[in-house]
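Please work through the following exercises with the sequence and the structure at hand. Each task is followed by a solution in steps.

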Amino acid sequence: MKGDLISMNSEKYKRQYFMPPEECLDWARKEYITKAPDWCSVDLRDGNQALIIPMSLDEKVEFFKYLVKVGFKEIEVGFPAASETEYTFLRTLIEQDLIPDDVTIQVLTQAREHIIKRTFEALKGAKRAIVHVYNSTSLAQREQVFKKSKEEILKIATDGAKLLKKLADETEGNFQFEYSPESFTGTEVEYALEVCNAVLDIWKPSPDWKVIINLPVTVQLSMTHVYASQIEYMSKHMKYRDSVVLSIHPHNDRGCGVADTELALLAGADRVEGTLFGNGERTGNVDIVTVALNMYSHGVDPNLDFSNLPELTKNYERLTRMNVYERQPYSGKLVFAAFSGSHQDAIAKGMHWIDDRHPDYWSVPYLPIDPKDIGREYESDVIRINSQSGKGGIGYVLEENFGFHIPGKMREDVGYTVKDVSDKQHRELVPKDILDVFKTVYVNISSPIALKECHFIQKDGGIEAEISLEKSGVDKLYHGRGNGRLDAVSNALQRHSDLDYSIVSYQEHALTVGSNSKACSYVAIQKPNGTVVWGAGIHEDIITASVLALISAVNRIQ
Ligand SMILES: CC(=O)SCCNC(=O)CCNC(=O)[C@H](O)C(C)(C)COP(=O)(O)OP(=O)(O)OC[C@H]1O[C@@H](n2cnc3c(N)ncnc32)[C@H](O)[C@@H]1OP(=O)(O)O
Ligand SMILES: CC(C)C(=O)C(=O)O
Ligand SMILES: [Mg+2]
C-alpha cells in the first residue's frame, strides 16, 4: 500500500530492452574467460566527453602516452569534428609522429556527411586508423529524436558506411572501419542485426581486412544475462562473422559494466572498449583495469600492464580532475586494506604460509591478487589499524615494520592495548603510532624501579646476581641466587620487596629491522591471583635485555 509520504512510483517504468528471438545460452555453460580480448581505450573520447572540463591538448598528449605505456594497441583518440582541441590533438599525434608502429588510433564520427568529411580531413597523413561511425537505432531514439522509420534509420547507417568507403578510397592511409548501432541495448535485436548486416554488405570485409562491429551498452537497461544473450545472438547470426571483430562497449548505469563485459566475452565478443577506472558518460564506461585484473586473478594474462597502478591512478586523477573511488576494485585506496581483526589475522597467517612454503601460486585469504603485483604495499595498503583490529594484525605490523616477534600470548595483550588507544582517540593508527604505544607501555619500563647495573657470578652450581636498582631517587644493591641469570635477578627482586610472582614465559630474539645490534626479550610474570603481566626489554646485551623485560613486567604490576 502506498503511503502519503511515498513519492516513488515504479508503475511509471517498464522494461526497455528486447530479448533475442531465440534462446541464446551457450555463454552460460562457459566458466571463465580464457584469453584476453582486443582492448580499445576510449578514455580520450568517451571518457573525455564526460569530464566537467575536457582535457587540454597537452593533457591529452600526456594521457595518450600513459595508455601506450599500459599496452593498449587500439586507442580512440577523439571525435575530431567536435572541437578545435579534438582536431588539433589528432593532427599533433600524426604530425609529431607520436603514434607507435604497433598502436592504431581510432576516431569517432556520427553518420553525417559533413562530420565524416571533417573526420577524414583530420586523418590526413595517418599511416593507420580505425574510423568509427555510429548512428542511434533504438526504438526510443527512432521515435523521439530522429522521428524516422526503421528503413530511414538503416539508411543513415548505410549512407554513412558508403561515405566512409568512398573517402577512405580517396585518402592515403590504411583504414579499418567500425560501425556501432548506438543505443543497441534499447534496439530490437533482430533489427540491430539487420542494420549491422546491411553495413557489412557495403563494406564487404574479409579475413585480411576485418571490420569492427561494436554493440554498445550505450545505456544499461537490463540484467547482465540479457546482454550476454543479445551478444550471442548477434555473434551467431552476423554475416561475414569470420571477418568481423565483434566489439562491446559497456556503460555502467546499473552498476554492471564489468559483469556485462565478462558475460559478453563468454558470449562471443572479441574486443572491449572501455576506460581506465571506468570514467565515462554518466556512471561511466566499463573499467578496463577491473576486467583485466579479474582475468589476471584467474591466471590469464590480460596483455595490459598495471604493475604500477598507484602511479597510473595519480596521473589519471591529475589529468582528468576526477577521483578514483576508495573502493574501486584494485585501484581504490582501501581495496586491499583490512582493518578488522579476523581478516588481519587470516591475512598475516596467509602471508606466512606463502613465505614458509614458497608455493608457486597465490592464495591468501581476503586478497584475491597479490597487491605487490600492481604496485601496492602490504605495509601501508593491507594491514591497517583501528579499533576494529586484532592481535594478529597489530603483531603483523610490529613484526613487518620493526622486527618484533611478539610471543602469541603477549600479542593478545598488546592488541587490546593498541586498539584501545585507537578507540579512545577515534582515529587510525599508523605503524609509528603502534610502535610508540608498544614502547611506552611495555618496553624498558623504568618506573618505579630502574635498572642501574647488574653482575653475575657462577657459584656452587648456580648463578648469583647483584643488581643495582634505583627506586624513588635512591640506589640500592640487591642480591639473589637462581638456576639461571633471570631466575637469580627475579629472586633478588622478590627477596627485597613484597613482590610475589612467578615467571611464566620468557622469549628473546635479535632485532633485525632498524638496529641489527640489539636484542629484544619478552617476559611474562604471574601474580598469585593468576593475573599475567608482560614486559619487554631492548638492549645491546641479551642478558640485560631480559632483565629489563622482567623489570618492565614488575613495574607494570605495581
Ligand atoms: C553515445 C555516445 O557517446 S555518442 C558520442 C557523443 N559525443 C558527442 O556528441 C561529442 C561530440 N559532439 C559534438 O561536438 C557535436 O554534437 C557535433 C559537432 C558532432 C555535432 O554538433 P551539432 O551539429 O551542433 O549538432 P548536435 O550534436 O546537436 O546534433 C543534433 C543533430 O545530429 C543528428 N544526429 C545525432 N547523432 C547522429 C548520428 N549518429 N548520425 C546522424 N545524425 C545524427 C540529430 O538527429 C540532430 O539532427 P537535427 O539537426 O536534424 O535535429
Ligand atoms: C559511440 C558509441 C559507441 C558510444 O559511445 C556508446 O554507445 O556508448
Ligand atoms: Mg559510450
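The model is predicted: local features need pLDDT of at least 70, side-chain atom pairs count only at pLDDT 80 or more, and totals for chains, interfaces and linings use all residues. Residues are numbered from 1 along each chain as its sequence is written, while chains are lettered from A and ligands numbered from 1 in the order in which they are written.

**Exercise 1. Determine whether Leu 163 and Thr 171 are buried, partly exposed or exposed.**

Step 1. A residue is buried if 20 or more other C-beta atoms, placed from the backbone, lie within 10 Å of its own, exposed if 12 or fewer, and partly exposed in between.

Step 2. Leu 163 belongs to helix α6 (residues 150-170); helices (H or I, at least four residues) and strands (E, at least two) are DSSP runs, numbered from the N terminus. Leu 163 is buried because it has 20 C-beta neighbours inside 10 Å.

Step 3. Thr 171 sits in the loop between α6 and β5. Its count is 16 other C-beta atoms within 10 Å, so Thr 171 is partly exposed.

Step 4. Contact requires C-beta atoms, placed from the backbone, within 7 Å. Leaving aside neighbours within four places in sequence, Leu 163 is in contact with Glu 113 and Ile 116, and Thr 171 with Phe 120, Leu 123 and Lys 124.

**Exercise 2. Describe the shells around ligand 1 and ligand 2.**

Step 1. A residue is near a ligand if its C-beta atom, placed from the backbone, lies within 6 Å of it.

Step 2. Ligand 1 is surrounded by 17 residues, the closest being Phe 79, Ala 82, Gln 110, Ala 111 and Asn 135. Two or more residues each come from α1 (43-49), β4 (128-136) and α5 (139-146).

Step 3. The shell around ligand 2 includes Asp 46, His 249 and His 251, and β5 (174-182) and β6 (211-217) each supply at least two of its residues.

**Exercise 3. Identify the nonpolar cores.**

Step 1. A nonpolar core is a set of buried Ala, Val, Leu, Ile, Met, Phe, Trp, Tyr and Cys residues joined through C-beta atoms within 7 Å.

Step 2. The largest core has 94 residues, of which Val 77, Ile 231, Ala 264 and Phe 306 touch the most other members. Helix α7 (residues 189-203) contributes the largest share, eight residues.

Step 3. A separate second core of 54 residues includes Val 364, Phe 438, Val 533 and Leu 550.

**Exercise 4. Characterise the hairpin of β9 and β10.**

Step 1. Strands pair if DSSP finds at least two bridges between them. Strands β9 (residues 449-459) and β10 (residues 462-471) pair in the antiparallel sense over 10 bridges.

Step 2. Lys 459 has Gly 462 as its bridge partner in β10. Two residues lie between the strands, and Asp 460 takes a positive phi near 50°.

Definitions and conventions: Two residues are in contact if their C-beta atoms, placed from the backbone, lie within 7 Å.
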